[in-house]
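Dear colleague,

Please find the structure below, handed over for your use. A summary of the findings follows it.

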Amino acid sequence: MLNYSDILRGLTDTIILAQLNHQDSYGYQINKSISELSNKTLELKEATLYTSFRRLEELGYITSYWGDENSGARRRYYSITESGRTAYKENQNDWTNIQQLMNKLISTKQEI
């Protein structure tokens, strides 16, 4: 498995916001979805995931609540807020711009 951790470190919050933009979820399920969507090339460490949840909650981008499970452990669910949706859209635009810039900078066909 390739180690993308250095490249993705700054994108963790956006990746989590992307998952929550679809539906409320809990930590294990979010990490499982990220792993599946990345064909198991990206699996966030638990500490990274929950540090990001705390940061996003402090910024007001997500909120959390306890689920109402009848069997098994209670799960803490996370939900994206309107300001979280706005931040997610801004991050998407930033990513598009950075992606275009990086493609230009590392292209084998550089125009001088």
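The notes below go from the overall chain to its helices, salt bridges, loops and surface.

This is a predicted model, in which local features need pLDDT of at least 70 and side-chain atom pairs count only at pLDDT 80 or more, while totals for chains, interfaces and linings use all residues. Residues are numbered from 1 along each chain as its sequence is written, and side-chain values use heavy atoms, with hydrogens and water left out.

Overall architecture

The protein chain contains five helices and three strands. Helices (H or I, at least four residues) and strands (E, at least two) are DSSP runs, numbered from the N terminus. In sequence order the elements give the pattern α-α-β-α-α-β-β-α. The C-alpha trace spans about 65 × 35 × 20 Å along its principal axes. Of the 112 residues in the protein chain, 31% are buried. Here, buried means under 20% relative accessible area, exposed means over 50%, and partly exposed lies in between (1.4 Å probe, protein chains only).

Helix H2 (residues 12-22) is mostly covered, with eight of its eleven residues buried. These are Thr12, Asp13, Thr14, Ile16, Leu17, Ala18, Gln19 and Leu20. Asp13 is counted among them because its relative accessibility is 16%.

Two salt bridges are found in a search of the whole structure; the term requires a side-chain nitrogen of Lys or Arg within 4 Å of a carboxyl oxygen of Asp or Glu. Side chains of opposite charge can pair when their charged atoms come close. One of the two salt bridges joins Asp13 to Arg55, with the closest N and O atoms 2.8 Å apart. This pair links distant parts of the chain, since Asp13 belongs to helix H2 and Arg55 to helix H4, 42 residues apart. Arg55 has a relative accessible area of 35% and is therefore partly exposed, whereas Asp13 is buried.

Two packed helices are described by the angle between their axes and the distance between the axes. For helix H3 (residues 27-37) and helix H4 (residues 46-58), the angle is about 115 degrees and the axes are 11 Å apart. H3 is therefore roughly perpendicular to H4. The axes are lines fitted to C-alpha atoms, for helices over the stretch in contact, and the angles run from 0 to 180 degrees between N-to-C directions. Angles under 35 degrees count as roughly parallel, over 145 as roughly antiparallel, 65 to 115 as roughly perpendicular and the rest as oblique. The H3 and H4 crossing is right-handed, a term for a near helix turned clockwise from the far one by less than a right angle.

The loop between H3 and H4 holds Asn39 and Lys40. Asn39 is a residue other than glycine with a positive phi, near 50 degrees. Lys40 is not a glycine either, and its phi is also positive, at about 65 degrees. Asn39 is exposed, at 66% relative accessible area, and Lys40 is exposed at 56%.

Helix H5 and the surface

The other salt bridge is formed by the side chains of Glu82 and Arg85, at 3.5 Å from N to O. Glu82 and Arg85 are three residues apart in helix H5, so about one helical turn separates them. An α-helix has 3.6 residues a turn, so residues three or four places apart point the same way. Glu82 is exposed at 58% relative accessibility, while Arg85 is partly exposed at 27%.

Helix H5 (residues 82-106) also contains Trp95, which is partly exposed at 41% relative accessibility. Trp95, Ile98, Leu101, Met102, Leu105 and Ile106 form a nonpolar surface patch, with about 610 Å² of accessible area together. Patches are made of residues with over 30% relative accessible area and no salt bridge; like charges are joined within 9 Å, and nonpolar side chains (Val, Leu, Ile, Met, Phe, Trp, Tyr) within 5 Å. The areas come from the Shrake-Rupley method with a 1.4 Å probe, and for residues only the protein chains shown count as cover.

Asp68 lies in the loop between strand E2 (62-66) and strand E3 (76-80) and is exposed, with 72% relative accessible area. From C-alpha to C-alpha, Asp68 and Asn97 are 41 Å apart in space and 29 residues apart in sequence.

With kind regards
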